[in-house]
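Subject: Structure for your review

Dear colleague,

Please find below the structure that I am handing over to you. My notes on what was found in it follow directly after.

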Amino acid sequence: MTLTFLSAFMRRHSITQSDAAQRLGLSRQALVHWFAVDDTKLSNACALVEAYGCRLVINYEVTLPGLDYRDESTPNYPVEYDTLRLGFLRRAMDDADLSIQTLAELLGIGRTTLFDTLRSDDIMLSRLFDISRLTGWKLCIRIVDGQSML
């Protein structure tokens with residue numbers, strides 16, 4: 001279910017795995033592997049949609065302290081990525097006052113591992129879903145195609 005948004009994008013644009021692999025300079029088997037394990041790096045997902053003139057827009061809706069989100073007129077605060085692929089995650093952590101140490105503990109990984117992930121500015125998509133599940137933040141992934149959003 002992690003790559004559902006990529007499958008939908010490819011179906012909508014009639015893109016085969018062979019076509020996408022060729023455009024990305026990968027073997028077809030490499031792309032098939034992404035879908036077989038239902039996971040890939042964020043950089044790979046970005047490269048795929050960008051190869052077709054689109055942009056991946058990801059945000060976490062973070063519940064901020066002091067606001068009542070049971071009132072539907074008060075939207076959750078969107079955190080979108082900018083020049084850094086993981087900029088949205090860094091800002092969500094800042095806004096929620098969540099340290100690297102605390103997030104690493106929630107994920108069951110070492111602080112250094114998470115620090116290295118943030119430094120490399122890349123992450124497995126399944127880890128983004130894990131963060132959403134463990135923090136209660138809503139993960140939103142959209143593909144922007146010109147002026148329309150999928």
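**Findings**

D97 lies in the loop between α5 (87–95) and α6 (100–107); helices (H or I, at least four residues) and strands (E, at least two) are DSSP runs, numbered from the N terminus. This is a predicted model, in which local features need pLDDT of at least 70 and side-chain atom pairs count only at pLDDT 80 or more, while totals for chains, interfaces and linings use all residues. Residues are numbered from 1 along each chain as its sequence is written, and side-chain values use heavy atoms, with hydrogens and water left out.

**Positive phi values**

Most residues other than glycine have a negative phi. D97 is not a glycine, yet it has a positive phi of about 55°. With a relative accessible area of 72%, D97 is exposed; here buried means under 20% relative accessible area, exposed over 50%, and partly exposed in between (1.4 Å probe, protein chains only). D121 also carries a positive phi, near 60°, and is a residue other than glycine. D121 is found in the loop between α7 and α8. Is D121 buried or exposed? D121 is buried, at a relative accessible area of 12%.

**The chain as a whole**

The protein chain holds 8 helices and 4 strands. Read from the N terminus, its elements follow the order α-α-α-α-β-β-α-α-α-α-β-β. Of the 150 residues in the protein chain, 38% are buried. Among contacts (heavy atoms within 4.5 Å) with a separation of 6 or more, 60% come from residues 24 or more positions apart.

**Salt bridges**

How many salt bridges does a search of the whole structure find? The search finds 2 salt bridges, each defined as a side-chain nitrogen of Lys or Arg within 4 Å of a carboxyl oxygen of Asp or Glu.

- D116 and R119 form a salt bridge through their side chains, at 2.8 Å from N to O. Both residues lie in helix α7 (residues 111–120), 3 residues apart, which is about one turn of the helix. D116 is partly exposed at 31% relative accessible area, whereas R119 is exposed at 60%.
- D130 and R133 form a salt bridge through their side chains, at 3.5 Å from N to O. These two residues lie in helix α8 (residues 125–135), 3 residues apart, about one turn of the helix. D130 is partly exposed at 24% relative accessibility, and R133 is exposed at 58%.

**Packing of α6 and α8**

Helices α6 and α8 pack at an angle of about 100°, with their axes 10 Å apart. Axes are lines fitted to C-alpha atoms, for helices over the stretch in contact, and angles run from 0 to 180 degrees between N-to-C directions. The helix α6 is therefore roughly perpendicular to α8, a term that covers angles of 65 to 115 degrees. From α6, the contact involves L103, L106 and L107, and from α8 it involves R127, D130, I131, L134 and T135. These residues divide into 5 nonpolar, 1 polar and 2 charged; Ala, Val, Leu, Ile, Met, Phe, Trp, Tyr, Cys and Pro count as nonpolar, Asp, Glu, Lys and Arg as charged, and the others, Gly among them, as polar.

**Cysteines**

A disulfide is a covalent bond between the sulfur atoms of two cysteines. With the rule that the pair of sulfur atoms must be within 2.5 Å, the count is 0 disulfides. C46 is buried at 6% relative accessibility, and C140 is buried at 15%.

Note on methods
Parallel < 35°, antiparallel > 145°, perpendicular 65-115°, else oblique.
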